[in-house]
Every structure is written in structure tokens, then in C-alpha cells.
Amino acid sequence: MSGTSLPKAQNRVADVIMRNPQLASYAEIAEIAARAEVNNSTVVRTAQALGFLGWPDLQRELRSRYLVKISTEDTLIQHGEHSSPLHAALTRDMENLRLTLETNSADDVEATIATLAAAKSILVVGHGSYAAPASVMAHLGATMGYPIHLESRAGVHLATSTNTLGPGDVMVIINIWRSIGQVIAAAEAAHRAGATIIAISDMRRGRLAAIAKHLLIVPSEGIAFFQSVTATTSLVYGLLAGMQAAHPERSRETIRRSQQLWKDLDIHLE
């Protein structure tokens, strides 16, 4: 929030948020307003002045940043125990899906798909749990005939994959929860070389957001010590469907050849 000039009342709201990160990450707007001695609309205007759609949008960012700062054990304590973990997990994921749909406009998604459809090559980068949706995107994208590859490793492997990127190429970074230094540095290097960066993240601010041509936001909070990949995976499926629709004939022809190869290689049991 530094670097943004705000009126006095909005400054009080910002001060409350910065001094109480845990409270701000889950409190109702009325509680923030009361602590700052302003009305609810001033809290909304503060969020908008900081570049967010409103208080819920800003609060999601605050929640993501708060969870990054606490330990994995403290995250588990924050979420507490659940009498029905399955019910709690599904309920949390349904909310994450709702927020993903609400946060990303149709125009933003269509622009992202258009960039992917026009790419000379696509490198998808994801580590840890988020290597899973990255793998789905690379695998199904290749099945449709896209020149798309997965990089879920670090070190020299990430450096070699990144070093081939330049103008016309696209790098898709799936980085949720804590930022991974090597991934961010690789994205910055690819950006300097002229590649287009697409970021799928749970944060609107930061080094990755600053270089991304397209930024898609996916809430990722789970019910235990780990983040959820459900919303990210659903968003990837949506992008893939758009990519297929962008090149329908190529997709169908490549899929037909893939199916024939499956038969020739005797991959699937009848």
C-alpha cells in the first residue's frame, strides 16, 4: 500500500489494515470501518483507490498475504478441526470456484486465450502441488496440437527451458501461495527476452503480477495446512476449452491421430 496517496479517512483504513493483518484478512467490513472511525463506504473507496474492485477483492489479497507469512503449522491451527473434513473441503472449494468466476472477467479470460492461441510456443511452469494443473494444461494442450511443454523442475532444467523463450513465445506461470524465487526470476528473464507472461496466481500484487500481460486470480485457501488446487485446475480447463475452440480443425485432426496412436501402441484396455 506504500506509494499510494490517500485522503485522511482512507489513510486511517489503510493503517488499520496494516497494523492488523490477521483481523483484516477475515473481518467484516463494518469492523474495519469501526476501528478506522469511518463508514463502510470509505472502506470500499479505500480498496478501490488501492486498485481493487472493492473490499472483498482487497480482503482476498490480504488473506493470501497473511497465510503466506505464517508457518505451515500455524495455518493448520488457523483452520482448526472439522467434524466432516470432506464436507468442509468441498464447501471451501465451491466458494473458491465462485470467487474465481466472480474475480476474472470474460474479457480477461478471452484475451488470455487469444494470446495462448497465437503463441509460437508455450511453456507452462508449476511446482509442488501446482505442478498438477500445470501438467494438465501442458498434456491436454499438446493433445490438441499446441506447441506446449511443462517445466515442473527447478535449477538447470528451469534455466534451460526459459533460455529458449523470446518474442512470440508464452510462459504460463502457476504460482500460488508462497512465491518461488527461481520461478519468479525465470519469468522475469523470459519477459526481458520478449516472451509474454501469463500468470495464474492468488495475488494481484508482486513481482509476477508486475510483468504479466494477463493475470488470472484463483483463490486457493484449503481447510488444512495445504492450499487447494481445485479452482486453479478448473480455470485451466476453461482455458483449454477456449484454446480448442480457437483452432477446432487442428484440434480434431491431432486428437484423431492421438486416438489412432493409442490403438497402435495398445495403450488402453478394451
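## Helix packing and ring contacts

Ala9, Gln10, Val13 and Ala14 in H1 meet Thr42, Val43, Arg45, Thr46 and Ala49 in H4, where contact means heavy atoms within 4.5 Å. This is a predicted model: local features need pLDDT of at least 70, side-chain atom pairs count only at pLDDT 80 or more, and totals for chains, interfaces and linings use all residues. Residues are numbered from 1 along each chain as its sequence is written, and side-chain values use heavy atoms, with hydrogens and water left out.

**H1 with H4**
- H1 packs against helix H4 (residues 40-49) at about 85°, with axes 9 Å apart. Axes are lines fitted to C-alpha atoms, for helices over the stretch in contact, and angles run from 0 to 180 degrees between N-to-C directions.
- H1 is therefore roughly perpendicular to H4 (65 to 115 degrees).
- This contact of H1 with H4 has five nonpolar, three polar and one charged residues.

**H1 with H3**
- The axes of H1 (residues 8-19) and H3 (residues 29-36) come within 9 Å and cross at roughly 110°. H1 and H3 are therefore roughly perpendicular too.
- Arg12, Val13 and Val16 of H1 touch Ile32, Arg35 and Ala36 of H3.
- The contact of H1 with H3 divides into four nonpolar, no polar and two charged residues.

**Charges over rings**
- The charged end of Arg205 sits over the ring of Phe52, 4.5 Å from its centre. The rule asks for NZ of Lys or CZ of Arg within 6 Å of the ring centre and within 35 degrees of the ring normal.
- The charged end of Arg250 sits over the ring of Tyr146, 4.3 Å from its centre.

Methods
Helix = DSSP H or I, 4+ residues; strand = E, 2+ residues; numbered from the N terminus. Parallel < 35°, antiparallel > 145°, perpendicular 65-115°, else oblique. Nonpolar A, V, L, I, M, F, W, Y, C, P; charged D, E, K, R; others polar.
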